[in-house]
Amino acid sequence: MDPSATTTAQPNPDRARIHHFYDSTHIPKHPGAGWTRFVCISDTHSHVFHVPPGDVLLHAGDLSRHGTLKDLEVTLEWLKALPHPIKYFMAGNHDLCLDSQYEDGGSMQPYRPFDLRGKDVVAARKLVRSQAMHKAGMHYLEHEAATYTANSGKTYTIYGSPAAPFYSIGAFQYTPEEGKAVYARIPPGVDILMTHTPSLGVCDVSKRGKHAGCPALAERFMDEDLQSCRLHVCGHIHEARGVAVVGQSEQNPDGRISVNAALPYVPLPIIIDLKD
């Protein structure tokens, strides 16, 4: 099996189910009690579209089009209105207004676009962690973990990292030398990992036919303490949208479902149902 394929055979249907292509007017039926439905999106870039309901919404970054506060506000108002009771979201390389390095005095201030002010960055970073967001069930993750408890009582640990390898001027980017330290921050035993970038070799083929994922992240996935990770959601490489099942091991015989949920060209969220 080629792990870079945009879709693979389904995992064990008693443990997990993938809905990659479906009729958006006929949403696949929720499996019922004892299952959690994760609806995965990424790289929405201030676009607004229909998102099917589910237990948890996961947004893997690039919330905004040009990184301005105004762009971010469009996305946040849309996310607030979606029916999912719990929503975990994070930034990506387009989301300049969420990177503190673009504040006045930050290392990226000299590269700040004319329509992004230092006070906009401060306001944006406060907004995503505001009481209004929490009331809407929205939880912003920036190199940090959260826990979600399903109706069955099962607790999932979810970690979000907005970082991506440096490509051009953008937010939350790192050099090859910095990658290992970025992903060393992922806590052991995480159940669901959200990163803006794919890992090298998995749902990461660019329009030029090159693997554009991060080698440091791929290396981190080899560590023993991440072998129980059941779901990895990313985006960034738009044309690599798809799903792969990788990382089968004795500890995790069903493998890890890797989802590139980038959406601008195909506004169809990817649905993952996991047995609690």
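Arg125 is partly exposed, with a relative accessible area of 24%, where buried means under 20% relative accessible area, exposed over 50% and partly exposed in between, computed with a 1.4 Å probe and protein chains only. The structure is a predicted model, in which local features need pLDDT of at least 70 and side-chain atom pairs count only at pLDDT 80 or more, while totals for chains, interfaces and linings use all residues. Residues are numbered from 1 along each chain as its sequence is written, and side-chain values use heavy atoms, with hydrogens and water left out.

The side chain of Arg125 meets that of Glu142 in a salt bridge with an N to O distance of 3.0 Å, a salt bridge being a side-chain nitrogen of Lys or Arg within 4 Å of a carboxyl oxygen of Asp or Glu. Because Glu142 lies in the loop between β5 (138–140) and β6 whereas Arg125 lies in helix α2 (residues 118–127), the pair ties together parts that are 17 residues apart in sequence; helices (H or I, at least four residues) and strands (E, at least two) are here DSSP runs, numbered from the N terminus. Glu142 is buried, with a relative accessible area of 16%. Glu103, Arg125 and Glu142 are moreover linked in a network of salt bridges. Side chains of opposite charge can pair when their charged atoms come close, and a search of the whole structure finds 10 salt bridges. Among them are two made by Arg220, whose side chain meets that of Asp223 at 3.0 Å, N to O, and that of Asp225 at 2.7 Å, N to O. Arg220 counts as buried at 8% relative accessibility, whereas Asp223, at 35%, counts as partly exposed, as does Asp225 at 30%.

The loop between β5 and β6 also holds His143, which has a positive phi of about 55° although it is not a glycine and which counts as buried at 18% relative accessibility. Most residues other than glycine have a negative phi, and most peptide bonds are trans. Cys203 likewise takes a positive phi, near 50°, in a residue other than glycine; Cys203 is placed in the loop between β10 (192–195) and α5 (215–221) and, at 1% relative accessibility, counts as buried.

Strand β6 (residues 144–149) runs antiparallel to strand β7 (residues 155–161), and six bridges join the two, where strands are taken to pair if DSSP finds at least two bridges between them. The hairpin of β6 and β7 has five residues between the strands, and in this hairpin Gly153 takes a positive phi near 100°. Tyr156 in β7 is the bridge partner of Tyr148, and these two residues form one aromatic cluster together with Phe38.

Five aromatic pairs are found in a search of the whole structure; rings of Phe, Tyr and Trp (its six-membered ring) pair if their centres lie within 6.5 Å, and planes under 30 degrees apart count as stacked, over 60 as edge-to-face and the rest as tilted. For Phe49 and Trp78 the ring centres are 4.9 Å apart and the planes stand at 55°, so the pair is tilted. Since Phe49 lies in the loop between β2 (35–41) and β3 (56–59) and Trp78 in helix α1 (residues 69–81), this pair ties together parts that are 29 residues apart in sequence. Phe49 counts as buried at 17% relative accessibility, and Trp78 counts as buried at 8%. The rings of Tyr174 and Tyr183 have their centres 5.7 Å apart and their planes at 85°, so the pair is edge-to-face, and both Tyr174 and Tyr183 are buried.

Charged side chains also lie over aromatic faces, as with Arg17 over Trp35 at 4.5 Å from the ring centre and Arg256 over Phe221 at 3.7 Å from the ring centre; the criterion is that NZ of Lys or CZ of Arg is within 6 Å of the ring centre and within 35 degrees of the ring normal.

Ile169 is placed in the loop between β8 (164–165) and β9 (173–174) and counts as partly exposed at 44% relative accessibility.
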